Amino acid sequence: MALALKKLASAGVAHQLLPAAGALLPGLGAAASQLQARRTKMSHSEATNTFILEALEHLEYPKRLRKLLLTPEREVAVELALLRDNGEVATFNAYRVQHDNSRGPYKGGLRFHPQVDLDDVRSLASLMTWKTAVMDIPFGGAKGGVTVDPNELSERELEILTRKLVQALRPILGTYEDIPAPDMNTGAREMAWIFDEYTKFAGFSPGIVTGKPVWLHGSLGREAATGRGTVFAIRELLAAQGLGEIKNKSFVIQGFGNVGSWAAQILHEMGGRVVAVSDAFGAVANEHGLQIPDLRAHVADRHSLASFAGGVVIPKESVLTVPCDVLIPAAIGGVIDEDNARDLQCKIVAEAANGPTTPEGDAILRERGITVLPDIFTNGGGVTVSFFEWVQNLQNFKWSEDEVNAKLDRVMREAFEAIWELHTEDKIPLRTAAFVKALQRVTRARVHRGFD
């Protein structure tokens, strides 16, 4: 591995209801150009539907039922006008897609990112439907996003934009209708603004959003939930494959935000060796294992990840090919594709991000015998503890962090057991097994609720 690392080191609001088949590409200069380049291959929603169709083929569902399950129930686009601090008026496109609520209220995060578009949100809303189903959480699926780079806004501008988003989407949100949560570039701060803004209209409503600060009706354990759930998922797979424990296994993590940093921390605490990590600006590696607590403190002090003295700097694009036992993509979608899937040097890919592997990349990983823990299960810890937070809000009662983590452990273990059983009995990949289980649960709910 030392040789490999050496080589890498050198190398005002307007509403518009849109049809489900529509697509919208905001003109945002370079960001729009990047989006268009991605669209020349396969859109995110097309990629998601490719995996779902594979599961539907296995289930032998009729075409009319397939269309019903794949089509979102509602798609909303709004335009948010913002008076900037410099006196200029800026507008931002925002979206909310409600995919399915047959098993419970719509549930899904809100992301702020310059590359957000309707197709991305549509795909992620669909993934939330199957994620809540495979985790057996009584929610449906939704997703939202604003096409904005939050780093270019002041805190005041960001707060106003968030509150305007709530005002625009208020008719379709609700404690028992649609419950947002944090996602890329949003966190407890933004969720607190959403809670406060919605409460102005509907009265005290802590259950309107999850991922709130712990001191403002949030849940203990929520911040680390997705990363912790990812570690639980890896633990279960290693045991099922007879590969032993996390201790002394090597891990590479692409993405060092909330999910990646917490997964790294917990893996480190369990004796795993995190040998390389990356973020949007750089990457650092150490074949003996990075000191994750020191690295997290380094980044928290606003230093760049690549400037960490406890490892060697490598190109961020090369982190996926660092030799390891388990590769954890924990950033954006579509990072493992036909161009790099043959270069991966891992035994397992644990998808902590949403949609990190394209269908073409997934086919190559299957051909190479690399096991993929699918995203709809691996990163299900976040929505699971969001459910716990929602329940606590409805009960007006707080659970201890140990209780939250123990409940999360149980849910992750039971979800894995159901997927693994299908995988072994039907001889299908874990991803297909996860979608099959999710489809079975959603279909059962839809059929029993009726269609009138």
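This is a predicted model: local features need pLDDT of at least 70, side-chain atom pairs count only at pLDDT 80 or more; totals for chains, interfaces and linings use all residues.
Reader: Why is Arg-111 called buried?
Author: Buried means under 20% relative accessible area, exposed means over 50%, and partly exposed lies in between (1.4 Å probe, protein chains only). Arg-111 has 13%, so Arg-111 is buried.

Reader: What makes the link between Arg-111 and Asp-183 a polar contact?
Author: A polar contact is a pair of N or O atoms within 3.5 Å; within protein, one must be able to donate a hydrogen and the other to accept it, and residues adjacent in sequence count only if both atoms are side-chain atoms. The side chains of Arg-111 and Asp-183 make such a contact at 2.7 Å.

Reader: Which residues does UniProt give as "binding site"?
Author: The unreviewed UniProt entry places that feature at Thr-226 and Asn-258. Such annotations may be inferred rather than shown by experiment; feature names are shortened and positions follow the numbering used here.

Reader: Why do they count as gathered at one spot?
Author: They span 33 residues in sequence, yet no two of their C-alpha atoms are more than 8.4 Å apart, so they gather at one spot.

Reader: Are Thr-226 and Asn-258 buried or partly exposed?
Author: Thr-226 is buried, at 10%. Asn-258 has 37% relative accessibility, so Asn-258 counts as partly exposed.

Reader: What makes Phe-387 and Trp-390 a tilted pair?
Author: Rings of Phe, Tyr and Trp (its six-membered ring) pair if their centres lie within 6.5 Å; planes under 30 degrees apart count as stacked, over 60 as edge-to-face and the rest as tilted. Phe-387 and Trp-390 are 6.3 Å centre to centre, with 35° between the planes.

Reader: Why is the pair of Phe-388 and Trp-399 tilted?
Author: Their ring centres are 5.6 Å apart and their planes stand at 55°, so the pair is tilted.

Reader: How do you know that the charged end of Lys-407 sits over the ring of Trp-399?
Author: A charge sits over a ring if NZ of Lys or CZ of Arg is within 6 Å of the ring centre and within 35 degrees of the ring normal. The charged end of Lys-407 is 5.0 Å from the ring centre of Trp-399 and sits over that ring.

Conventions: Residues are numbered from 1 along each chain as its sequence is written. Side-chain values use heavy atoms; hydrogens and water are left out.
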